[in-house]
Amino acid sequence: RSDGAGTLTLDHKGGAMLIVLRGAAGFLGGKRYANSGVVHLRYTWKATNLVHPEVFLQGDYDRARRLEARSLFGSGGRWNLLRAERQMLAVGSALMWERERLDVLPGDPHEDRTSTMRLSTYVNLYAATEHGVALSTTAYYQPVLTDFTDARLLGTIQLTTPIIGPLEQTTVVDFRIDGDPPKGVKDTDVRLSASFGVKFGG
């Protein structure tokens, strides 16, 4: 299995644009068992030191979850509760319109095409030591507005450790709990990955 990811932040006085790209592909016995991709765009305005309005777009797919295509759009606000040199804590809340196309199995009561409004709330935490070890996590809670039993809890935990010079190692745990997954898909999924990278600048 091979995984790839990239994050780009374009920061200026009035706001910041975040671009996230992620993908994975894997083969076993000549057959593909993993195939997924995500493109996420988010713009946050720097309205005040505490409150930052934001809008976001996303497109993704994940064959392991029988998700052929998903697109979403949302807007809301981000509140920075703590911001220090090596620490950050923020929470956010938004309304999100989501459209999905699923590859449902025979007998699955799920519709193969859905369009819903969800509430999307999140917590974003970052902490680092003076030696460069950094821990960051983002967790989302996303219930359907008309049915809070159909909710998702998903997020990422990332630990980055310097090795020597600019070389660093990163371990990532992705987790997902789905209250109403399609037939044949587990309601809980945890994935562990590790990578090496080079840090540029301070």
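**Entry 1**

I take helices (H or I, at least four residues) and strands (E, at least two) as DSSP runs, numbered from the N terminus. The model is predicted, so I note that local features need pLDDT of at least 70 and side-chain atom pairs count only at pLDDT 80 or more, whereas totals for chains, interfaces and linings use all residues. Residues are numbered from 1 along each chain as its sequence is written, and side-chain values use heavy atoms, with hydrogens and water left out.

**Entry 2. E100**

I began with E100, which I located in strand β6. I looked up its accessibility, for which buried means under 20% relative accessible area, exposed over 50%, and partly exposed in between (1.4 Å probe, protein chains only). E100 has a relative accessibility of 10% and therefore counts as buried.

I then listed its contacts (heavy atoms within 4.5 Å). Leaving aside residues up to four places away in sequence, E100 touches L67, A69, R70, D112, R113, T114 and R152. With R152 I also found a polar contact between the side chains, at 2.9 Å. A polar contact is a pair of N or O atoms within 3.5 Å; within protein, one must be able to donate a hydrogen and the other to accept it, and residues adjacent in sequence count only if both atoms are side-chain atoms.

**Entry 3. Salt bridges**

Side chains of opposite charge can pair when their charged atoms come close.

I looked up R152 and E98, which form a salt bridge with their closest N and O atoms 2.6 Å apart. This pair links distant parts of the chain, since R152 lies in strand β9 (residues 147-164) and E98 in strand β6 (residues 87-102), 54 residues apart. R152 counts as buried because its relative accessibility is 4%; E98 is buried as well, with a relative accessible area of 1%.

For R118 and D150, I read a salt bridge with the closest N and O atoms at 3.6 Å. R118 is in strand β7 (residues 113-128) and D150 in strand β9, so the pair joins distant parts of the chain, 32 residues apart. I recorded both R118 and D150 as buried.

R152 has a further partner in D178, with the closest N and O atoms 3.9 Å apart in this salt bridge. Here too distant parts of the chain are linked: D178 belongs to strand β10 (residues 167-178) and R152 to strand β9, 26 residues apart. D178 is buried, its relative accessible area being 11%.

Which residues are linked in a network of salt bridges? I listed D60, D62, R65, R70, E98, E100, R118, D150, R152, D178, D189 and R191.

**Entry 4. Second largest pocket**

I next looked up a pocket. On a 1 Å grid over the protein atoms alone, a cavity is a set of points where a 1.4 Å probe fits but cannot get out, and a pocket is an open set with protein on both sides within 12 Å along at least five of seven lines; lining residues have an atom within 4 Å of a point. Grid points are joined across faces, edges and corners, and a volume is the space filled by probe spheres set on the points.

The second largest pocket holds about 350 Å³ of space. It is lined by 25 residues, of which E100, L102, H110, R152 and D180 are the closest to its centre. Two or more lining residues come from each of β6, β7, β9, β10 and β11 (188-198). The largest share, five residues, is given by β7.

**Entry 5. Q169**

I placed Q169 in strand β10. At 19% relative accessibility, Q169 counts as buried. Its side chain makes a polar contact of 3.0 Å with that of T171. Not counting residues up to four places away in sequence, Q169 touches L159, T160, T161, I163, A194, S195 and F196.

**Entry 6. Aromatic pairs**

Rings of Phe, Tyr and Trp (its six-membered ring) pair if their centres lie within 6.5 Å; planes under 30 degrees apart count as stacked, over 60 as edge-to-face and the rest as tilted. I found two aromatic pairs in the structure. The rings of Y43 and W45 are edge-to-face, because their planes stand at 75 degrees, with the centres 4.9 Å apart. Y43 is buried at a relative accessible area of 19%, whereas W45, at 39%, counts as partly exposed.

Y122 in strand β7 and Y140 in strand β8 (residues 134-144) are 18 residues apart, and the pair links distant parts of the chain. Y122 is buried, with a relative accessible area of 6%; Y140 counts as partly exposed at 22% relative accessibility.

Note on methods:
Salt bridge = Lys/Arg side-chain N within 4 Å of Asp/Glu carboxyl O.
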